[in-house]
Amino acid sequence: MKSTAEIIEKQISQWEGDDSMEDFIGNSQKFVKLMSYYKCAIMEVETKFKVLSEEYSHYHDRNPINNIQSRIKHPYSIMDKMEKKEYPKSLESIEENLDDIAGVRVICSFPTDVYTLAEAFLKQDDITLIRKKDYIANPKSNGYRSLHLIVSIPIFLSEGKRQMKVEVQLRSIAMDFWASLEHQMKYKKDHYFTKEMEEELYQCAKISAALDERMDRLRISSMGERSRREKTIIE
Ligand code: 0O2
């Protein structure tokens, strides 16, 4: 896939010489600047989760975050979504209408970590929750599970503070395993899905949910066992 700069460069080279060239270049630069603000917002969100992970690891002797993935929505996907939703085509409209230009995915070790981290993140006084979709409590009909938060977060630039929207997806390793493979299979142009295959995928999602529950129970039991052993040693 082409980078933002490559797409803009190509569009400039294809310019056919009407009066909007100046506007076009001006808007392209503004677009790149807007994308860099989203990148800053991603850095802020990532840092918050890294800090929480560090603190949690210190007190609980284990890491609640398996890994963090971030992405800026590709310009083609931004254009596609603007067209599909019939939003006005302007930078202001992109910022106003699209909530998922900046995306941070936090892959947690256990499902309970998802809620612990989400709560600690949302409690922070510079985070404003815009929307929450809990697909863990209420999985999608295909079996997809994740906790989605659309938040507003400030970034601090030389000219002042700017609020940016970020989509944060929190999920367990098992939820991510299913979602990543489902995404790979569904979005490949040469793959197709029958009703039976959809059902099979749904059954796999149920197995992954059951696995999450069992692993969480094991974690809780192992904690009980550890504190019992520690108590015995002290006594
Ligand atoms: P990508 O490439 O990840 O950006 P909206 O974005 O608000 O217009 P919607 O459907 O209301 O659309 O948002 P929702 O339900 O919060 O889902 C947004 C994102 O969640 C998707 O982004 C996916 O990343 C993920 N997601 C939602 N449903 C599924 C699913 O069934 N399977 C998988 N694998 N991922 C899902 P995008 O824009 O689709 O893609």
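1. Helix 5 (residues 111-122) lies across strand 2, strand 3, strand 4 (147-157) and strand 5 (160-172), and runs at about 165° to strand 5. Lying across rests on contacts, which are pairs of residues whose C-beta atoms, placed from the backbone, lie within 7 Å. Axes are lines fitted to C-alpha atoms, for helices over the stretch in contact, and angles run from 0 to 180 degrees between N-to-C directions. Helices (H or I, at least four residues) and strands (E, at least two) are DSSP runs, numbered from the N terminus.

2. The model is predicted: local features need pLDDT of at least 70, side-chain atom pairs count only at pLDDT 80 or more, and totals for chains, interfaces and linings use all residues. Residues are numbered from 1 along each chain as its sequence is written.

3. The chain holds seven helices and five strands. Their order from the N terminus is α-α-β-α-α-β-α-β-β-β-α-α. Of the contacts between residues at least 6 apart in sequence, 67% join residues at least 24 apart. Buried residues account for 19% of the 235 residues in the chain; a residue is buried if 20 or more other C-beta atoms lie within 10 Å of its own, exposed if 12 or fewer, and partly exposed in between, with C-beta atoms placed from the backbone.

4. The five strands form an open sheet of order 1-2-5-4-3 with mixed pairing, where two strands pair if DSSP finds at least two bridges between them. Strand 1 (65-72) and strand 3 (128-134) stand at the edges with a single partner strand each, so one side of each has no neighbour in the sheet. From one strand to the next, the twist averages 25°.

5. The pairings can be taken in turn. Strand 1 and strand 2 (residues 102-108) are antiparallel, over seven bridges, and Gln69 has Arg105 in strand 2 as its bridge partner. Strand 2 and strand 5 run parallel and are joined by six bridges; here Gly103 is partnered by Glu167 in strand 5. Strand 4 and strand 5 run antiparallel, with eleven bridges between them, and Pro154 stands opposite Gln163 in strand 5. A hairpin of two residues joins strand 4 to strand 5.

6. The largest nonpolar core has 23 residues, and Val45, Val106, Val166 and Val168 have the most contacts inside it. A nonpolar core is a set of buried Ala, Val, Leu, Ile, Met, Phe, Trp, Tyr and Cys residues joined through C-beta atoms within 7 Å. At least two residues of this core come from each of helix 2 (21-60), strand 2, helix 5, strand 4 and strand 5. Strand 2 gives the most, with five residues. Beyond its neighbours within four places in sequence, Val106 is in contact with Phe49, Ile65, Ile68, Leu117, Val168 and Leu170. A second, separate core of five residues includes Ala174, Met175, Ala179 and Ala205.

7. Asp216 is found in helix 7 (residues 195-234) and Thr112 in helix 5. Asp216 is partly exposed because 16 other C-beta atoms lie within 10 Å; Thr112 is partly exposed, with 15 C-beta neighbours inside 10 Å. Leaving aside neighbours within four places in sequence, Asp216 is in contact with Phe110, Pro111 and Thr112. Between C-alpha atoms, Asp216 and Pro111 are 7.3 Å apart in space and 105 residues apart in sequence. For Thr112 and Asp216 the values are 7.5 Å and 104 residues.

8. Most residues other than glycine have a negative phi. Glu86, although not a glycine, has a positive phi of about 55°. Glu86 is placed in the loop between helix 3 (75-84) and helix 4 (91-97), and counts as exposed because it has 7 C-beta neighbours inside 10 Å.

Definitions and conventions: Contact = placed C-beta atoms within 7 Å.
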